[in-house]
Amino acid sequence: MALAALQELSHHYHSGSRSIQVLNGINLEVKQGDFVAIMGRSGSGKSTLLHILGGLLQPRIGHYLFKGMDVFSMSTNEIAIFRGKHIGFVFQMFHLLPEMNVLENVKLPFLYNNTDPNEAESLAREAVELTGISHRLLHKPSELSGGEMQRVAIARALAPGPELILADEPTGNLDSITGEEIISLFELLNTTGKTVVMVTHDQRIAQRAHIIKVLTDGRLQ
Ligand SMILES: Nc1ncnc2c1ncn2[C@@H]1O[C@H](COP(=O)(O)OP(=O)(O)OP(=O)(O)O)[C@@H](O)[C@H]1O
Ligand SMILES: [Mg+2]
């Protein structure tokens, strides 16, 4: 069974009186252990697609099955639980909380899911160790380099143990050498069993994935 399967998925946005068709009959099967890169020109709908996979958008046109669960039929409450349990997000701009140190940022997901504080602490430290940022545990984001901030963001995504990591241009704000280190970290996570779907503009970064899909005119090829 696929980990995540989109079937005949379509999505449009409303902008004033206009309707913008972004996705138009998407079919995608992501299996456990896959490392998928999604490419496509700016505005082609890559972030939209990732948001749908992560349960941030429920267009309800077509189907989205995650481990056989019908994601589009989930209530607001159910979808929040789905995200917390199964999905880890990594963004281009890191999205760390500036007032919190590294460890506190990585522990953030546990604020919302009633994890025992000791367990949260140990899972967060494990994730920080895995991403190679444990020497910066008490630093604030402003004291970190871009690559270090992205490691923290990856640790935060990993800490609760999601099966699916969704990354939107994770190297887009990094120089090429740092980007290389971050993509190597994704490779490592993938070899330890995480399923990764990553959006990128960068052909060289995309080549590191095992499957490359291109979004054109609302369709994946
Ligand atoms: N909330 C919204 N309301 C209206 N239109 C939107 C909204 N979000 C995105 N769009 C439009 O949908 C299209 C796809 O946007 P999306 O952000 O998914 O593209 P993208 O492929 O991620 O682009 P980029 O590479 O620039 O990040 C764009 O034309 C965008 O302007
Ligand atoms: Mg985008």
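This is a predicted model: local features need pLDDT of at least 70, side-chain atom pairs count only at pLDDT 80 or more; totals for chains, interfaces and linings use all residues.
Colleague: Is H1 buried or exposed?

Modeller: A residue is buried if 20 or more other C-beta atoms lie within 10 Å of its own, exposed if 12 or fewer, and partly exposed in between, with C-beta atoms placed from the backbone. Six of the eight residues of H1 are buried, so the helix is largely enclosed by the rest of the structure. Lys46, Thr48, Leu49, Leu50, Ile52 and Leu53 are the buried ones. Across the chain, buried residues make up 41% of the 221 residues.

Colleague: Which elements supply residues to the shell around ligand 1?

Modeller: For a shell, a residue is near a molecule if its C-beta atom, placed from the backbone, lies within 6 Å of it. Strand E1 (4–15), strand E2 (18–30) and helix H1 (46–53) each give at least two residues. H1 has the largest share, three residues. The shell includes Tyr13, Ile20, Gly43, Lys46 and Thr48.

Colleague: How do I read the sheet with E3 in it?

Modeller: Strands of a sheet pair through backbone hydrogen bonds, either parallel or antiparallel. Two strands count as paired if DSSP finds at least two bridges between them. In this model, six strands form an open sheet in the order E6-E7-E8-E3-E9-E10, with mixed pairing. Its edge strands, E6 (87–91) and E10 (219–220), each pair on one side only.

Colleague: In which sense do E3 and E8 pair?

Modeller: Strand E3 (residues 35–39) and strand E8 (residues 195–199) are parallel, over four bridges. Phenylalanine 35 stands opposite valine 196 in E8.

Colleague: And the chain as a whole: how many helices and strands are there?

Modeller: The chain has seven helices and ten strands. The C-alpha atoms fill a box of roughly 45 × 40 × 40 Å, taken along the principal axes.

Terms used: Residues are numbered from 1 along each chain as its sequence is written. Chains are lettered from A and ligands numbered from 1 in the order in which they are written.
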